[in-house]
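User: Got a multi-chain model to go through. Can you walk me through some strands and helices?

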Amino acid sequence: MNQLRIIQLEKKFEDRKKDENPVFSLKPVHLTIKEGEFFSLLGPSGCGKTTLLKLLAGLEQADQGEIWIGETEITNVPPESRNFAMVFQQPLLFPHMNIEDNIAFGLKMKKVKRAERIERAREMLGHVGLKGYGQRFPDELSGGQQQRAALARALVSDPRVLLMDEPFSALDPSLREEMRILLSRIHQEFGTTVVFVTHDREEAFHLSDRIGVMSDGNLLQVAGAKELYEKPASIQVASFLGLKNILKGSAGKFGMENRSQQVELADSRKSSMTHLIIHPEKLQLSTDLEKQSTAEEIIFEGIVKQLRFNHGFYLCTVQTENTLLECSISSRQAETVSIGQKVKLSAQLKGLHFVSR
Amino acid sequence: MLRKIKPYLLLFPAAATIVLLFFGGLFDGFLKSLGYFPAIGETGFSLKAYSSLFHSDAFWDSLIVTIRIAAISSVLSAFLGAIVAVVVFMMHEKSRSGALNLWNRLFQLPLTIPHLVGGYVIVLLFMQSGFLSKILAKVGVIEQIPDFPVLVNDSFGWGIILAYTWKEAPFVALMVYPVLERIHRKWRDVSRVYGAGNWDFIREIVVPAILPAWTVAAFIVFVFTFSAFEVPYLLGVTYPSMLPVYSYQLYSSGTLADRPEALAVNLILALLTVLLGLIAYYFSKRWNVLKGWE
Amino acid sequence: MKRQRLLANTFLFIFLLMFIVLPFVPLVLSSFSYNWKWPNVLPEIFSLSAWKYVLFDNSGTWQAIGTSLLIAFIVTAINIILAVPAANALVRYPLKGRWLFEAIIFAPIVIPAFVAVLGIHLTFLRFGLTETIFGVVLAHLSPTLPYVVRAAMTSYNTLSIDWEDQARMLGAGPLSRFYHVVLPHLLPGIAAGASLSILISLSQYLITFIIGSGQVMTLPILLFPFISGGDPAIASAYSLVFAGMAVAALLILDLALKRYYKKKQAAASKGVRE
């Protein structure tokens, strides 16, 4: 197995003027990425995801820890000898070489004969949908085409791991969508291990087998897209994923700050958890004002503040006593409510997710 | 470890070359100006060369001539350079790109040709029996050669001034031109929006904008003419001569005794240029002169 | 309005003509003259004798041109080898005492070279470096090197480290990275710096004269006796050869660079047609 193992990898960046406090540090990361896996590192800018990627590439030197690929340790192997490939934010096609020579560059460095180089480069051009563009120069291609060529260049020498550093962030939204589909397809075709850095949640969710969420140099949670969404390990993860309806509470009591309106939860197992997340689709909206909380169900009462159309359904914002809750409702139901109306929201206790700080 | 010292290793060959050949030369010259010269058995230090320099009229005359010539040359080339820049700029607006390229090259021609040739061009043009004198005689303004003023190898230094003005004006133009270009592209429309007329535009925007680059360019010309050798050697007189020529005269006049004095002149010259250079650097940084054209 | 503009244009044109072209007129006329007497605006006898002497009779001319160019090219080659790593360090690495290094390297721009050369002259003499081409090359290094460093720094400033990282990720070692990625990017800047270096080296008179002691005959050394009181026709012809050599050296470098890019461009347009 050629899995990529990252063992307690650590890196500090010192401020050159003041020696005491590191400006930024990547806390020890421990992670195994399976062969053929599409793994994303997701986090806001400055969270250390690019640093981790550069450590994997060898472009930065780790202070501590080891990197293994299969049974070989590569921590101190220089990047040019790791047989990894990397696609950067910018296409970085060498402007003085045509597309074919650009793509064949990695093979040239491996001393592959010219005829074979060009043949493989042409074949790869076909895979990324740039057939016939080989003789052109980078400045004759659009941004999206350039990034495709960069992808072809990375793939052509059959890398053990493909590293991608926000490769689509400089593209238009519509092109980004197109590139995502292309990348998905290519990943399936070639089965290369991919480590993909992004700050775009949708991009990560769309592409990845597993996602590592990072913040402030910490790897917070590693999980598949579905699990991350349904069961975020912490408030930080939840808020970065843009989850709504995060309620603060304590020792089995969750809900509004206002004590009188507290929702009592008769569930002592969750006593260490201090936050409750209710996904918008788990909330049922009802105009029946007679409903009361039960052992299986909690009820919030409030006033409709806003109705927003969103991809085929509506997001309804409800102002309860002290907090705003969002719930998604169907178009048909949306017709029955109006802004300013008093409604009740109910959620099954079973499906709720509790997290610690 | 290697990572840390790598940049110093990269710098070492270039820095060592300059230190050895240039600063070594300065230091060597400095020691010898103090009379320290073990090869001929002189191992003592004295300020004799400096004190005799400061007591000689030749040195002070030379310093005055040097400052005068450098100052007039830099002012004249600054004005001529500004005019050239504006003219070329106006031509650019009107001509096609092919002609434009030609003009660009042409007006840098005086910059490209060697100083000795530049000097000789001035000789042929301005000497008493030179080209201008011939033209004036043909037209009937003058009747014989002595009617034409002495402009070459004259004691005031007009020949040197003319040569520098002609050769350095394109340099000033080259410094000012990019600023002009920037103004044109970005600010003309803006100022129009705010209702500025042509004259307002020139007074309020063009002049203040080019002033820093212009001043610094003139200053650089000053520092250069202050310390250059070839043109005054060719176009000047033996007395009073500009400092670089004076130093060379002392050095090559034959007697070993004069050499410490020659090297003392050199060091004073170096010190003055460093001082002037620092002033130019300070203002160019402060006014951000170089930002537009790097 | 239109006439006014035409007038203005004519005026501008004449001004530039006066400024640039007029000074060369007597130089050219004089080189083709024989015993040109005052007050004739044109020489009474046109003659090729000065040119014949300069180009054919005096075998020293071609030798001097060769020596001048040889020195200029050696100086420039050394400069490039020294300047590129130095520029790399100054632009891309954190340095302690950067200002000191910059002050050292750029000092010869401000302080005239002959100051240092006069100082080191006797030391050169002792080491047997005077009267040799090698000695003259050493003397030409300090006034030229700073300009090449500066030009290379400008190029490095516009080269993001990402390019080299990208090449590394494609398996390129240090030499390959420099040859395939860094060098093509630096080339225009290096060419600009080389132009200046060649130009400055070609036009040195005093420091060549001091270190060469009149034995290393570059063109300015050969030319000086003529322009400081020799035959004006021969002096003019030599001046034109000298100026022509400087301009030609620059043009050739410029052209070579243009051709380099044109070749790329041609290959590019060929690709489009396919």
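User: Let's start with pairing. What does A:V213 stand opposite in β10(A)?

Analyst: A:V213 faces A:Q221 there. Keep in mind that this is a predicted model.

User: How many bridges join β9 and β10 of chain A, and do they run parallel or antiparallel?

Analyst: Five bridges, antiparallel. The strands cover residues 210-215 for β9 and residues 218-223 for β10.

User: Which other strand is joined to β9(A) by four bridges?

Analyst: That is β3 of chain A, residues 38-42. β3(A) and β9(A) run parallel. A:S40 has A:I211 of β9(A) as its bridge partner.

User: Why call β9(A) largely enclosed?

Analyst: Five of its six residues are buried, so the rest of the structure largely encloses β9(A).

User: And which way do side chains go in a strand?

Analyst: As a general rule, they alternate between the two faces of the sheet in a regular strand.

User: Switching to chain C. Is helix α8 buried or exposed?

Analyst: Seven of the nine residues of α8(C), residues 161-169, are buried, so the helix is largely enclosed by the rest of the structure.

User: Which residues are they?

Analyst: C:W163, C:E164, C:D165, C:Q166, C:A167, C:R168 and C:M169.

User: What do the buried residues of α8(C) pack against?

Analyst: Elements from two chains, A and C. Chain A supplies α1 (49-57) and β6 (84-87). Chain C supplies α9 (174-203).

User: And what follows α8(C)?

Analyst: C:G171, with a positive phi near 95°.

User: Now the contact of chains A and C. How many residues does each side give?

Analyst: Chain A gives 24 residues and chain C gives 21. On the chain A side, β6 and α2 (99-109) are the elements that give two or more residues. That side divides into 12 nonpolar, six polar and six charged residues.

User: Last one, chain B. How many helices and strands?

Analyst: Chain B has 12 helices and zero strands.

User: How much of chain B is buried?

Analyst: Of its 294 residues, 43% count as buried.

User: And its contacts along the sequence?

Analyst: Take contacts in chain B between residues at least 6 apart in sequence: 72% of them join residues at least 24 apart.

Notes. Residues are numbered from 1 along each chain as its sequence is written. Chains are lettered from A and ligands numbered from 1 in the order in which they are written. This is a predicted model: local features need pLDDT of at least 70, side-chain atom pairs count only at pLDDT 80 or more; totals for chains, interfaces and linings use all residues. A residue is buried if 20 or more other C-beta atoms lie within 10 Å of its own, exposed if 12 or fewer, and partly exposed in between; C-beta atoms are placed from the backbone. Two residues are in contact if their C-beta atoms, placed from the backbone, lie within 7 Å. Two strands pair if DSSP finds at least two bridges between them. Ala, Val, Leu, Ile, Met, Phe, Trp, Tyr, Cys and Pro count as nonpolar, Asp, Glu, Lys and Arg as charged, and the others, Gly among them, as polar.
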